[in-house]
Structure formats: C-alpha cells, structure tokens
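The sequence and structure come next.

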Amino acid sequence: MKIHEYQAKAIFARHGVPIPRGEVARTPAEAREIAKRIGGRVVVKAQIHAGGRGKGGGIKVAGGPEEAESIARAIIGMTLVTHQTGPAGRVVRCVLVEEALEVAKEYYLSIVVDRAAASPVMMASTEGGMDIEEVAAKSPEKIVKEWIDPVAGFQPFNARRVAFALGLEGPLVGKATSLMAALYKSFEGTDASLAEINPLLLTKGGDLLALDAKMGFDDNALFRHPDVVELRDVNEEDPLEVEASKFNLNYIKLDGTVGCMVNGAGLAMATMDIIKLAGGEPANFLDVGGGASAQQVENAFRILLSDRNVKGVLINIFGGIVRCDLVAQGVVGAVEKIEVKVPIVVRLEGTNSKEGAEILRKSGLAFTVAESFKDAAARVVALASGRAS
C-alpha cells in the first residue's frame, strides 16, 4: 500500500524526522489560508501516488497567499501526467502547501528491505532530487548502502558511516544521525517496505529536512496498523485492483491482452513468462490462492473479464490444496452468469484434474482444454491474436 507525501511526512514527523511547515488543502481557498498562516513564499505540490510531479507541472512556487490560491486552482482537478502515471495520468484532488526553503544542497536517503540479505538497507546519495534508478544507471559509485541488523536495530555507527560517506562534517553529522535514526523508527514502526526522502534538504541555515517523502507498506502487516490502513486512497489505485482487494484476490493489472487466472504466486509468474515466450503479453497477474473456492474463482473471473484489453483468457490451475473439479465448477458458474466474448483456454493439473476437465467439456460452453502448460500458452496466444480458427 502507498500513501501521499503529506501523509508520509506526518508519519516521519511523529517519529522525529524534521519536515517543512505545511498543510494539505483540498480547495483553492484553503490553500490561500494556509499560505497566510505560513507567511512568505510557499510551494504548492500536487498530491498523487507518483513521482515526476514537478516536470509535469504539479509543483510550483507562490510568492504569497493570492498566488498560492491561483496555483491551487490550476492544479486541483487537473489530470497530472508524469513518467510514473502513464499516459492516462492521475486526477489531483488535493495539494500540499508548505514553506519555501533556501537550498544549499540536496541528498537522497531511503530505507528498503533487502530480501537477499534478509535485512533493511539504508541507501543514500549526494545526487538528491534525481530518480535513484537514474543515479544507479549512470553513477552507481555515488550510491551508499548501509545494511542494518534487524535484531540490533539501527545503531549510531550506521548513521555515521552514511553521514561521512555523504561528506557531512561537524554539527551536520549529529543532525544527520538523529534524522536517520528517526527515519528508521518510521520504517520499523509501521512495517514499511519503503521509507524515502528525495530530496533530503540541507538549508543555507544548516538544517536537514525531508523536503519530499514517500512510504510503502507491507500489505501482510497492515492488520497491525489500522491507522495506516485509514490513509489508503482508493482514487489512486486501479479500480479493478480495488475490486479484487475486496475478495482478498492478488490482482495487478498489466498492459497485455491475455488474461491470466492462476492459483499460487509462483505459478502465476511462470504463467506470465510462458505467455511472453509464446509471443503474447499478459494482461494481469491474478493469484486466486491455493485454497480458492468456487465463489472465489467466480469473483476472480468477473474482475479479469472487466478489463477491456483482454482478448483471451488462460486459466492455469494446479490442484494441490484446491481440487480442480471445484475450480471447474466455479469457472462454469462464472461463464454462465457473465457474457463472455473472448476465448478461454483451461489447463488443469493435479487433484481431480480429469474430473475438472470433464466438467468443462460437458458444460456446453466454448472452453479449450489444453493438454500441457506449453500447449495452453500457445493456444491462448493464438486465439487472443486471432490466428486460430
């Protein structure tokens, strides 16, 4: 789960990370009043779950309250297109109005989970304000990494190593140490998968502040953080993904034309791979779970077919915990209730796979039952592209 910049900054501040003074506004009039309270120059920042807002015209500096109101009127309600939103863009529903600060230097600082090392890793760079992927590609030597012992937690020596690597000296080392420790508390205390400051600002007055903030959370730990769950903005998520979450389905919309319904994340990944090897493009990742019921399968099928880009469907089920005949019943039930205009290829393997295949064949519906994994992929790609008769 992702949250907005202003929400991430509130979590940072609660754990002791210094942030600029600012408030969120949902109307131009609110932006004017916030600018009055702050005084002086302010920055009006569009709040969407995507980077590149400045390049897209979503971040602007205002000289006073009236200009802040005018800028907010232009930004709120606009469809902001950035390199992370895709061509469809995102509708801006609110803005963050905060004090404009004098910039001396910008850094990058984040904490993510390094799954290979089974520990959090703090990453930092002197190239703040840029996409870290761009820095990694062009100047990897400018990225500092400090792995954190998950049992001992973040220690002062971890922070000093990063601070020295960034070239900080004197009082700034102490300020950076405190800020990094607070960032780790924000990360650990919310079961985050990402806590990012880009840029981390060094002001001309010698202060370090989180000028921007981004957080992502481990969905499997959200039951421990109802306060974080309340921050969810479904307007920033794909409608089909939101619908899938209501039924505890693992669904991610992609750009292809072959819809996939699979049980098990590993098998789902392999299914997408083999579709690409067959010359097609998957339209989604959809894992109905190892113990999917007929009702779960029906819900999954309905959501899958709601994607207008889907030209063919591959149902790939391994009957380990779940029985293939129950899955087949769910598929038949879904197709009978939903108007299906695309070809459906089904591959069943495992518990009661023969019984499941028989249910599909006797249903009177236009299913193509594949004999193997490779056969299933080849058939659905051909059907989706109109190459098969």
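For two axes, angles under 35 degrees count as roughly parallel, over 145 as roughly antiparallel, 65 to 115 as roughly perpendicular, and the rest as oblique. The model is predicted: local features need pLDDT of at least 70, side-chain atom pairs count only at pLDDT 80 or more, and totals for chains, interfaces and linings use all residues. Residues are numbered from 1 along each chain as its sequence is written, and side-chain values use heavy atoms, with hydrogens and water left out.

**Helix packing**

Helices (H or I, at least four residues) and strands (E, at least two) are DSSP runs, numbered from the N terminus. The axes of H9 (residues 265-277) and H13 (residues 373-384) come within 9 Å and cross at roughly 55°. Axes here are lines fitted to C-alpha atoms, for helices over the stretch in contact, with angles from 0 to 180 degrees between N-to-C directions. H9 and H13 are therefore oblique to each other. On the H9 side, the contact (heavy atoms within 4.5 Å) is made by Leu267, Ala270, Thr271, Ile274 and Ile275. H13 supplies Phe373, Lys374, Ala377 and Val381. These residues divide into 7 nonpolar, 1 polar and 1 charged. Ala, Val, Leu, Ile, Met, Phe, Trp, Tyr, Cys and Pro count as nonpolar, Asp, Glu, Lys and Arg as charged, and the others, Gly among them, as polar.

**Helix H6 and what follows**

H6 (residues 171-189) has 19 residues. Its first and last C-alpha atoms are 27 Å apart, close to the 27 Å expected at 1.5 Å a residue. That expected span is 1.5 Å times one less than the number of residues. Buried means under 20% relative accessible area, exposed over 50%, and partly exposed in between (1.4 Å probe, protein chains only). Buried residues of H6 include Leu172, Val173, Leu179, Met180, Leu183 and Phe187. Just after H6 comes Asp191, with a positive phi.

Most residues other than glycine have a negative phi, and most peptide bonds are trans.

A cis peptide bond joins Asn198 and Pro199, with omega about 15°. Pro199 is in strand S10 (residues 192-203).

**An exposed lysine**

Lys138 belongs to helix H4 (residues 132-138). At 62% relative accessibility, Lys138 counts as exposed. Lys138 and Asp114 lie 24 residues apart in sequence and 22 Å apart in space, C-alpha to C-alpha.
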